[in-house]
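Dear colleague,

I am passing on the structure we spoke about, followed by some notes on what was found in it. Please read the notes with the structure open beside you.

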Amino acid sequence: MLSQISIFNLRNITEISFQPAKGINLILGDNGAGKTSILEAIHLLALGRSFKARTLKTTIKFGQKQLQVIARAANDTPVGVQFDEHLGLKIRLNSAPLKRLSDLAMQLPLQFIPANCHQFFEQGPRYRRQLLDWGLFHVEPSFNFHWQSYKKILQQRNSAIRQHKKIEEIQLWDTHLAEHGEKITELRRLQLDALLKEFEAVFQRICPEYQGATFSIKYRTGWNKDKKLKVSLQDAIEKDRQLGYTRSGSHAADWSFTINDFNPAEVFSRGQQKLFFLALCMAQAKITEHVKHEKSILLLDDISSELDLAHQKNVLDELSNLPVQAFITATDHSLDLHEKVTVFHVKQGAIL
Ligand SMILES: Nc1ncnc2c1ncn2[C@@H]1O[C@H](COP(=O)(O)OP(=O)(O)O)[C@@H](O)[C@H]1O
Ligand SMILES: [Mg+2]
């Protein structure tokens with residue numbers, strides 16, 4: 001959770017300082033006012049990167065050389081990021097420099113929900129894996145160890161394949177790769193079970209048309225499910241050598257939902273697809289709080305796109321009962337004001 005946020009020289013913002021509420025913060029303003037830029041600043045603070053631009057250079061206010069975002073996190077801990085055209089990114093936590101971005105992410109669990117999140121179903125498996133792994137990163141300390149180890153070993157194996165090393169040399173990596181891969185699968189399955197439980201309740205509340213529906217989740221391990229990963233790797237060695245990389249494993253995993261036995265992408269309206277994604281993120285926030293005993297941050301850009309007022313209100317009602325600090329943007333006049341919401345009006349890069 002954040003308090004006292006200050007943003008300097010980011011996009012059209014020269015300087016903004018505000019004290020966000022612990023619950024729902026609604027950022028209202030016309031097109032181009034700077035609403036999404038405030039979310040971008042918070043994203044940068046928690047993750048060290050933008051959700052909009054690959055390079056932070058475009059994020060610095062035109063004509064300036066450096067941007068800065070500072071805030072206070074849990075227990076009043078000061079946290080700050082600075083990006084300078086020439087000096088790059090600098091992160092400080094509790095007044096000391098931080099080396100790894102993942103340390104920052106661990107401090108501030110944050111989920112970003114883009115305006116076009118209904119396109120979730122059109123995204124590839126990498127996106128779905130990332131969503132699942134976000135939760136695991138925050139609730140299961142061993143996950144990060146297994147995933148980082150897995151990735152390193154996979155790189156080594158792939159590089160042995162590319163260098164046309166002997167089969168025995170390639171297979172030197174298989175035992176450890178398989179051990180971490182099996183563990184990752186086990187953890188992802190557990191997380192999906194927990195996610196489904198929370199998701200069902202949230203989704204039926206924010207999308208009452210689907211009350212009483214049945215949901216299920218299917219996890220695809222990324223290799224032949226009837227075999228152990230080690231055996232799959234051995235069996236596919238010739239294929240991998242032809243392809244030039246390791247095809248099977250946890251890096252190729254995917255998962256899918258069904259609703260009343262159908263693929264939601266083929267049944268849901270766009271608004272319902274958006275509610276679906278929102279419910280997934282809310283479910284993740286719930287699980288994270290159970291374990292971390294800490295509110296996470298939810299950035300929701302443009303709540304009004306694809307959703308009518310009744311469904312927007314359902315989302316706000318749900319969020320107000322969730323362990324999250326939410327930052328939500330909307331254009332003025334489009335949203336019914338809700339009693340549990342703290343409103344900030346933004347105009348030309350300033351909070352009025
Ligand atoms: N590097 C930059 N320097 C100055 N202005 C920028 C920069 N990048 C984008 N802008 C402008 O900042 C404004 C705010 O954008 P944004 O936060 O996306 O608005 P909205 O309130 O509609 O979400 C826009 O007018 C945009 O064109
Ligand atoms: Mg915007």
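In what follows, Ala, Val, Leu, Ile, Met, Phe, Trp, Tyr, Cys and Pro count as nonpolar, Asp, Glu, Lys and Arg as charged, and the others, Gly among them, as polar. This is a predicted model, in which local features need pLDDT of at least 70 and side-chain atom pairs count only at pLDDT 80 or more, while totals for chains, interfaces and linings use all residues. Residues are numbered from 1 along each chain as its sequence is written, and chains are lettered from A and ligands numbered from 1 in the order in which they are written.

The shell around ligand 1 divides into 3 nonpolar, 8 polar and 3 charged residues.

The residues of the contact between helix 6 and helix 10 divide into 14 nonpolar, 1 polar and 2 charged.

Leu26 lies in strand 3 (residues 24–28), and it counts as buried because it has 22 C-beta neighbours inside 10 Å (20 or more is buried, 12 or fewer exposed, and in between partly exposed, with C-beta atoms placed from the backbone). Leu26 and Ala330 are 304 residues apart in sequence, yet their C-alpha atoms are 7.4 Å apart in space.

Key
Helices (H or I, at least four residues) and strands (E, at least two) are DSSP runs, numbered from the N terminus.
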